[in-house]
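Open the model in your viewer and keep the selection tool at hand. This tour moves from the whole chain to single residues.

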Amino acid sequence: MGEYIKNILLIGRTGQGKSALSNILVNEEKIFEKNGEFNEIFKESEKSLSQTKKIQEELFNVERNINGKVMNVKYRIIDTVGIGDTSLSLRTVLVEIAKGCKKVKKGINQILFVCGERLTPEEIVAYDILRNILFDKQIDKDITKYTTIVRTKFYNFENDEECESDIQSLIEESNKAIVEVIESCNRRVVHLDIPPINIKGEGKQNQININKKIRKEARKKLLNHLASCQDIYIPESLHKINKRIDDLLINENEKLKKQLETSQKKTREITRTTK
Ligand SMILES: Nc1nc2c(ncn2[C@@H]2O[C@H](COP(=O)(O)OP(=O)(O)OP(=O)(O)O)[C@@H](O)[C@H]2O)c(=O)[nH]1
Ligand SMILES: [Mg+2]
């Protein structure tokens, strides 16, 4: 039997740190020490331009102490295209994400829904499409049960109280659609800060060293969280999910077109109510 690999799928708005998050996972802990040579396997954007244009996957190992035994846990991280990419339509982005879903047809350990300071209606709509079309939206099969919302750019991520009160305010201040997603993924929200280390210029070394330390702590926190996500989502019927993805990948797929129209209407409504 082949070795089991835990699949992690990343989705989220452009520029919120999906690729940065992928990098802290695939680089070993020692890399984040002072002289470690960081490997930017997933290209991180340096300006406010959307960066990732295609899905990218990498494997990484984590040593974990399970009942006194050191075990090697294998993960696959799948980084996708950002929702709201300025140069791609929502549809193209969805198609790219669907390709990512196809890679995890043997099961998903966790979907990381990466958002920065806020969740936008467009992201929620895209998530809804994944939830409804690509996966089986049934009580026990709802993909939200396997989703973690990751709040990046959260400077107080090491303070539990701050993180908890942020979840509270998210729930109090967000609109209905967002609250529904947060509640249905059981308030699984993880706060992180992954500051850039691809900063160029003289005299930047201090900043880079500080940011490396922060990344190291973020990595620890994220790995701890992943260790607590034991369940694996196995699509009810491989055949069914494959067919849905194929359908989605066919250019003029009526279902997607219709879904997009309804979703866009929904986005407009949400935007109106948030205003
Ligand atoms: N300070 C800080 N910067 C971050 C954080 N997360 C990401 N960044 C920076 O924000 C920029 C964009 O991050 P990326 O990882 O490229 O974002 P992305 O989600 O992959 O974006 P797309 O590929 O366009 O979808 C990079 O310069 C990151 O270093 C964070 O938590 N804190
Ligand atoms: Mg990216």
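Start with the whole protein chain. Of its contacts between residues at least 6 apart in sequence, 74% join residues at least 24 apart; a contact means heavy atoms within 4.5 Å. This is a predicted model, in which local features need pLDDT of at least 70 and side-chain atom pairs count only at pLDDT 80 or more, while totals for chains, interfaces and linings use all residues. Residues are numbered from 1 along each chain as its sequence is written, chains are lettered from A and ligands numbered from 1 in the order in which they are written, and side-chain values use heavy atoms, with hydrogens and water left out.

Colour by secondary structure. The protein chain has eight helices and six strands. Helices (H or I, at least four residues) and strands (E, at least two) are DSSP runs, numbered from the N terminus. Along the sequence the pattern reads β-α-β-β-α-β-α-β-α-α-β-α-α-α. Buried residues make up 51% of the 275 residues. Buried means under 20% relative accessible area, exposed over 50% and partly exposed in between, with a 1.4 Å probe and protein chains only.

**Stop 1: helix H1**

Select residues 18-26, which form helix H1. Nine of the nine residues of H1 are buried, so the rest of the structure largely encloses this helix. The buried set runs through Lys18, Ser19, Ala20, Leu21, Ser22, Asn23, Ile24, Leu25 and Val26. What lies over them? The cover includes strands E1 (6-12), E2, E3 (69-79), E4 and E5 (147-151), along with H6.

**Stop 2: the magnesium ion**

Now select ligand 2, the magnesium ion. Its protein donors are Ser19 (OG) and Thr52 (OG1), 2.0 to 2.1 Å away. Donors are N, O and S atoms within 2.8 Å of the metal (3.2 Å for Na, K and Ca); water is not among the atoms, so sites may look incomplete. Ser19 sits in helix H1, and Thr52 in the loop between H1 and strand E2 (56-66), 33 residues apart. Ser19 counts as buried at 9% relative accessibility. Thr52 is buried too, at 15%.

**Stop 3: H1 against H6**

Axes are lines fitted to C-alpha atoms, for helices over the stretch in contact, and angles run from 0 to 180 degrees between N-to-C directions. H1 and H6 are therefore roughly perpendicular. Angles of 65 to 115 degrees count as roughly perpendicular, under 35 as roughly parallel, over 145 as roughly antiparallel and the rest as oblique. On the H1 side, show Ala20, Leu21, Asn23, Ile24 and Leu25; on the H6 side, Arg215, Ala218, Arg219, Leu222, Leu223 and Leu226.

**Stop 4: Leu226**

Stay in H6 and pick Leu226. Is Leu226 buried or exposed? Leu226 is buried, with a relative accessible area of 0%. It touches Ile8, Leu25, Tyr75, Asn109, Gln110 and Leu112, not counting residues up to four places away in sequence. Leu226 and Ile8 are 218 residues apart in sequence, yet 9.2 Å apart in space, C-alpha to C-alpha.

**Stop 5: aromatic pairs**

The whole structure holds four aromatic pairs. Rings of Phe, Tyr and Trp (its six-membered ring) pair if their centres lie within 6.5 Å; planes under 30 degrees apart count as stacked, over 60 as edge-to-face and the rest as tilted. Show Phe32 and Phe38, a tilted pair: 6.0 Å centre to centre, 50 degrees between the planes. Both are buried.
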